[in-house]
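Visitor: I am new to this, and I would like to learn what the terms mean as we look around. Could you show me the structure and begin with a definition?

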Amino acid sequence: MEFLSTHLLDAFPDAIFIVRENRVVFCNHTAAATIPDLTLNAPPPEDLALCLASSNTVSAFLLNGVSYTLSASLTEEGQLVILRRTNPINSIHIPDLLDYLRVQMNNLMAASQLLAPTVQSLNSSRYTDYLSVINQSVYRLLQTTSNTEMLYSLERDPSQLYRPVSLDLAALWSEATQQAIPLAKQANVALSYQSKIPCLPFYGDRSLLLSLLLALLSNSLKAAGSGGWVSVTLDRSGNRATLSLKDSGNTADPLDLTALFDPYVKACPQPSDGVGLGILLARRITTLHNGTLIATTEPDGGLRITVSLLIVRSSEDPTFRSPRPDADGGFSPILIGLADALPAESFAPLDVE
């Protein structure tokens with residue numbers, strides 16, 4: 001073979017073979033292992049021959065139950081054929097998909113806000129309730145989109161999102177919880193916050209640490225249910241900050257606890273409970289900040305989730321990173337983070353503008 005080097009083609013991870021005058025004149029090691037019926041100096045297998053009717057072609061087909069993409073092009077040596085395993089669905093370009101979803105959700109919210117004055121002029125609570133349901137759905141989609149985007153980025157390249165700065169962790173979590181208290185009340189859940197720490201200097205990503213709290217708080221609010229309560233406590237022990245969330249929900253069994261941290265087990269039995277991304281995101285953010293996430297059942301019932309973070313000062317990492325831009329598009333991060341735990345009335349037109 002003058003045009004193509006057999007040594008080069010043998011080194012390729014994809015299955016490659018060459019067909020000339022309806023005979024296989026070359027196949028690399030991957031092709032021989034992938035296509036058992038491929039034989040030198042013999043016609044290509046029937047299912048492949050159908051894909052090679054044209055000199056230059058691209059085909060998608062199943063081979064031994066595996067999806068492949070076949071591309072064939074004419075060279076001086078014959079028809080060069082390359083087989084590549086089709087990328088699984090989770091390899092689709094997620095950022096483009098999420099950007100598209102954000103555009104559609106922004107359009108829905110803009111339309112809802114434009115409709116709000118007309119609906120209010122009708123002086124009918126029924127139509128206001130309809131708009132609240134629309135807003136609730138938009139915020140829940142924003143929550144799912146945001147969590148998916150963060151998980152995707154943190155798994156592929158944490159540096160895209162992780163922009164640590166010096167901050168007051170006590171003030172960040174206290175302020176967010178105080179904003180969540182009236183929202184939890186609308187869900188008929190009594191939310192409280194206790195801490196004897198007036199200030200807690202910490203070096204971490206402000207946005208991710210807020211997402212950590214909201215993800216755990218949303219989980220606790222749903223576990224507590226209407227008529228229940230959630231207690232949030234921040235403490236410090238030595239060089240570690242400890243955030244604890246205890247709810248009054250039914251005691252989880254060991255399988256439920258395992259499902260909380262298992263990405264392959266659906267931890268949310270009902271669609272209205274969400275898709276379980278929040279707790280996975282919390283786990284990833286915790287480990288990114290040199291922390292530990294613990295879930296335990298309480299003797300008196302309910303679940304306690306504890307986050308223990310190693311306190312790091314900025315002097316230990318002199319690298320400068322500018323804070324990443326706000327990805328919430330002007331929407332309330334508290335409403336987005338708790339969207340799947342709040343009732344529709346929390347998203348009334350006047351409340352979300």
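This is a predicted model: local features need pLDDT of at least 70, side-chain atom pairs count only at pLDDT 80 or more; totals for chains, interfaces and linings use all residues.

Guide: Gladly! Contact means heavy atoms within 4.5 Å. Among contacts in the protein between residues at least 6 apart in sequence, 63% join residues at least 24 apart. Before we go on, residues are numbered from 1 along each chain as its sequence is written.

Visitor: Why is Ser-220 called buried?

Guide: Buried means under 20% relative accessible area, exposed means over 50%, and partly exposed is in between (1.4 Å probe, protein chains only). Ser-220 has 1% relative accessibility, so it counts as buried. This serine lies in helix H7 (residues 206-224). Leaving aside neighbours within four places in sequence, Ser-220 is in contact with Val-230, Leu-245 and Asp-247. Across the 353 residues of the protein, 46% count as buried.

Visitor: What makes Ala-60 exposed?

Guide: Its relative accessibility is 68%, so Ala-60 counts as exposed. You can find Ala-60 in strand S3 (residues 57-63). The C-alpha atoms of Ala-60 and Leu-70 are separated by 6.2 Å, and these residues are ten apart along the chain.

Visitor: Which residues form a nonpolar patch on the surface?

Guide: They are Leu-97, Tyr-100 and Leu-101, with about 290 Å² of accessible area together. Accessible areas come from the Shrake-Rupley method with a 1.4 Å probe; for residues, only the protein chains shown count as cover. Patches are made of residues with over 30% relative accessible area and no salt bridge; like charges are joined within 9 Å, and nonpolar side chains (Val, Leu, Ile, Met, Phe, Trp, Tyr) within 5 Å. Leu-97, for example, has 42% relative accessibility and so counts as partly exposed. Leu-97 sits in helix H4 (residues 94-121).

Visitor: How do you know that Glu-149 forms a salt bridge with Arg-102?

Guide: A salt bridge is a side-chain nitrogen of Lys or Arg within 4 Å of a carboxyl oxygen of Asp or Glu. For Glu-149 and Arg-102, the closest N and O atoms are 2.7 Å apart, and the pair forms a salt bridge. Glu-149 lies in helix H5 and Arg-102 in helix H4, so this pair ties together parts that are 47 residues apart in sequence. Glu-149 is partly exposed, at 23% relative accessible area, whereas Arg-102 counts as buried at 14% relative accessibility. By this rule there are four salt bridges.

Visitor: What makes Lys-222 and Asp-340 a salt bridge?

Guide: Their closest N and O atoms are 2.7 Å apart, and the two form a salt bridge. Lys-222 lies in helix H7 and Asp-340 in the loop between helix H10 (333-337) and helix H11 (349-352), so the pair ties together parts that are 118 residues apart in sequence. Lys-222 counts as partly exposed at 26% relative accessibility, and Asp-340 counts as buried at 13%.

Visitor: Where do Arg-284 and Glu-155 lie?

Guide: Arg-284 is in helix H9 and Glu-155 in helix H5, 129 residues apart, and the pair links distant parts of the chain. Their side chains meet in a salt bridge (3.4 Å, N to O). Glu-155 is exposed, with 56% relative accessible area.

How values were computed. Side-chain values use heavy atoms; hydrogens and water are left out. Helices (H or I, at least four residues) and strands (E, at least two) are DSSP runs, numbered from the N terminus.
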